Amino acid sequence: MTVLLLPIAAAGGGASVPTPSIFAPVSSPALAIRELAFLALGITGVIFVVVAGLTAYTLVRFRRRTGDRPGEPPQVYGSGRIELAWTVVPFLIVVVLFLVTARYIWEIEARPQPAGALEVTVVGNQWWWEIRYPKLGIVTANELHVPVSDAANPTPTFITLQSVDVIHSFWVPQLAGKMDVIPNKTNRVWIDPRTPGTYVGQCAEFCGVQHGLMLLTVVVHPREAFERWVAAQRAPAADEPAARSGRALFASLACINCHTVRGTAANGVFGPDLTHLMTRWTIGAGAARNTQENLRAWVNDPATLKEGARMPAMKLSRSDLDTLTAYLVTLR
Ligand code: CUA
C-alpha cells in the first residue's frame, strides 16, 4: 500500500515535524478548538471518574460474600430525587457544552477579513486540491504556501473553498477546524499560523475511491521566504533548449486539454497547473514523491500509483515517455 508522504523539510525558518494533531495548534481557530477539546475532555473525564468510581465501589462493597442469604437483594423502584438529578445534571452539561461551542464557532466565523490578508481559493477535485491566488496570478496544487502571521505583522490567510464535483472537506488540524467543500456553495476558513513550518492535512469527507489519497500540505513561510516563493511561482515556465523536443511533444498530446503550462498552448483546467510542477513534493496529492521516475510511471499509467485517478494512461512509446518526462522535470 501507499504510505503517506509527509514532507519533512520545513520552509525557511524553524523546522517542525508534521503531525495532524489537534493538540499541537499554531493558528487561532485551532487554538480555540484545543481549548474546547480540553473543556469537553475535562467534563467527560470528571463524569468518567464519578461513574467508574461508583461502579467500582459498588462492585467491591456489595459483592457476594459467604453466608449471604440466597436470592435477589431488595429491589428499589423509583426515586424522584435521584431521577431528577440524573436528568437535570446531564442536561445542564449539554447546555454548557452547546453554548461554549456556539460561542467559539461564532467568534471564528465572524472574524472579518482584514485589509492585509492573503486571499486563496482552494478547489476540491476528485482527488486533488487546486490552489489559486487570484490577486497574485498563481495557480498550484495540493501544497498551500502562506506567510507566517505573527503579532508584529499579522497576515492571516482567508481561504475560499469550492468544489467542482462532490463534497470534500478541508482539514489541516494544526491550523483550523474542518470545513466542507461543497459544489455550488462557497465556504470560507481562515488561518493565522504563528510558526513557520510544514503542516499536513487531508480531505475529511468521503469523496470517492481515492478519498484517502487527497493529502494537503500547508507550508508556512517567514515573510521574505514567502515573497521569494511568490516571485518564483509568478515567473514564466522554464523553456530549456535541451527540453524543446519534449515541450513540442507535450503540446502535441492531449496533456494540454487538461493541464496548463503558463505561456504555452497548454491551458487546460481539469488537471493541476504544471507551470512549476517540480516545486511540489508529491504527485497525485500525496500518491507518490515527485521524482523523474515516478512522473514517468504516472504519465505512463497513473493507476499504477493511484488507482482510479482521473488522468488517463497516455500509452506512449518508451522514447516518447522519456522525452516527455525530461521536459516535465524542467518545470521548476
Ligand atoms: Cu476529497 Cu475526500
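A: Two strands are taken as paired if DSSP finds at least two bridges between them. In this predicted model, three strands form an open sheet in the order β4-β10-β9, and their pairing is mixed. The edges of this sheet are held by β4 (143-147) and β9 (197-202), each of which has a single partner strand, so one side of each is left without a neighbour in the sheet. From one strand to the next the twist averages 20°. Strand β10 (residues 215-221) pairs with β4 in the parallel sense over five bridges, and within β10 the residue H221 is the bridge partner of P147.

A further open sheet has five strands in the order β3-β2-β1-β5-β8, again with mixed pairing. Here β3 (138-141) and β8 (187-191) stand at the edges, and because each has a single partner strand, one side of each is left without a neighbour in the sheet. The twist in this sheet averages 25° from one strand to the next. Strand β1 (residues 118-125) runs parallel to its partner, strand β5 (residues 157-163), and the two pair over seven bridges; V122 stands opposite L161 in β5. Helix α3 (residues 223-234) lies across β1, β2 (128-133) and β3, and runs at about 95° to β3.

Turning to the charged side chains, the structure holds eight salt bridges, among them one between D239 and R244, whose side chains meet at 2.8 Å, N to O. D239 also forms a salt bridge with R247, where the closest N and O atoms are 3.6 Å apart. Another of the salt bridges joins the side chains of R332 and E240 at 3.3 Å, N to O. Because R332 lies in the segment after α7 (318-328) and E240 in the loop between α3 and α4 (244-252), this pair ties together parts that are 92 residues apart in sequence. R332 counts as exposed, at 54% relative accessibility, whereas E240 is partly exposed, with a relative accessible area of 32%. Salt bridges that share partners join D239, R244 and R247 into one network.

Key. Residues are numbered from 1 along each chain as its sequence is written. This is a predicted model: local features need pLDDT of at least 70, side-chain atom pairs count only at pLDDT 80 or more; totals for chains, interfaces and linings use all residues. Side-chain values use heavy atoms; hydrogens and water are left out. Helices (H or I, at least four residues) and strands (E, at least two) are DSSP runs, numbered from the N terminus. Axes are lines fitted to C-alpha atoms, for helices over the stretch in contact, and angles run from 0 to 180 degrees between N-to-C directions. Contact means heavy atoms within 4.5 Å. A salt bridge is a side-chain nitrogen of Lys or Arg within 4 Å of a carboxyl oxygen of Asp or Glu. Buried means under 20% relative accessible area, exposed over 50%, partly exposed in between (1.4 Å probe, protein chains only).
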